[in-house]
Amino acid sequence: MKTITIYPGTFDPLTNGHLDIIERAAEIFSIVIVAVARNSSKRPLFTSHERVTMIRSCVNHLANVEVDSFEGLLVSYAKKKRANVIVRGLRAVSDFEYEFQMALTNRKLGEGLTTVYLMPHEKYTYLSSSLVREIATYGGDVSGFVPELVEEKLKKKLKKR
Ligand code: ADP
């Protein structure tokens, strides 16, 4: 059976932790759709278009990975894409409570939709987009936390502000 998987998130910006999850998912599932949330209540640093373009460049070595953006309910988007699995990353126990609530809600709202959790390499378990944004804002070195392209875009973006 072909398993179409959606990996949703804000990805503001994509980190090496996200990339680790995408690579793991691409090995397991037939198609992985990285879906950038456009309606996040967080005020993102990068526009959804910028986030999609950046991710696309960073995953072009993975033939079964697509990048898209979505607005509204994830279950509606999953239905439109005929996806049967949602992938999320689990870093620490602190992620668990929110993820548990989301997984059960999406299971209730979207029949036949299963959420699968993948753990990144332990070197990425402390990493988050907000941490990367904070370091970059104060001129710190984010190489090793994000792909090179993201590092360049962060520098450009923060210079303009
Ligand atoms: P959201 O706002 O939906 O949490 P994020 O972009 O912060 O979006 O994260 C998207 C997904 O990637 C979430 O499942 C999150 O737990 C996971 N994730 C974030 N950072 C990492 C990381 N360093 N390693 C593994 N998974 C991560």
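Visitor: By class, how many nonpolar, polar and charged residues does the lining of the largest pocket have?

Guide: The lining of the largest pocket has 18 nonpolar, 16 polar and 7 charged residues. Here Ala, Val, Leu, Ile, Met, Phe, Trp, Tyr, Cys and Pro count as nonpolar, Asp, Glu, Lys and Arg as charged, and the others, Gly among them, as polar. The model is predicted, local features need pLDDT of at least 70, and side-chain atom pairs count only at pLDDT 80 or more, while totals for chains, interfaces and linings use all residues. Residues are numbered from 1 along each chain as its sequence is written, and side-chain values use heavy atoms, with hydrogens and water left out.

A pocket is found on a 1 Å grid over the protein atoms alone, as an open set of points where a 1.4 Å probe fits, with protein on both sides within 12 Å along at least five of seven lines; lining residues have an atom within 4 Å of a point. The volume of the largest pocket is about 1100 Å³, counted as the space filled by probe spheres set on the points, which are joined across faces, edges and corners. It is lined by 41 residues, and Pro-8, Gly-9, Thr-10, Lys-42 and Arg-88 are the closest to its centre. Two or more lining residues come from each of strand 1, helix 1, strand 4, helix 4, strand 5 (114–118) and helix 5 (129–137). Helices (H or I, at least four residues) and strands (E, at least two) are DSSP runs, numbered from the N terminus. Helix 4 gives the most to this lining, with 8 residues.

The ligand takes up the space of this largest pocket; to sit in a pocket, a molecule must have more than half of its atoms within 2 Å of the grid points. Strand 1 (4–9), helix 1 (16–28), strand 4 (85–89) and helix 4 (93–109) each give two or more residues to the shell around the ligand. That shell divides into 7 nonpolar, 5 polar and 5 charged residues. Of its 17 residues, Tyr-7, Thr-10, Phe-11, Lys-42 and Gly-89 come nearest, where near means a heavy atom within 4 Å.

Some polar contacts (pairs of N or O atoms within 3.5 Å) can be named. A polar side-chain atom of Arg-88 lies 3.1 Å from a ligand oxygen atom, and one of Arg-91 lies 3.2 Å from a ligand nitrogen atom. For Tyr-124, a polar backbone atom is 2.9 Å from a nitrogen atom of the ligand. The protein covers 90% of the 540 Å² of accessible area that the ligand has on its own, by the Shrake-Rupley method with a 1.4 Å probe.

Note on methods. Polar contact = N/O pair within 3.5 Å; in protein donor to acceptor, adjacent residues only side chain to side chain.
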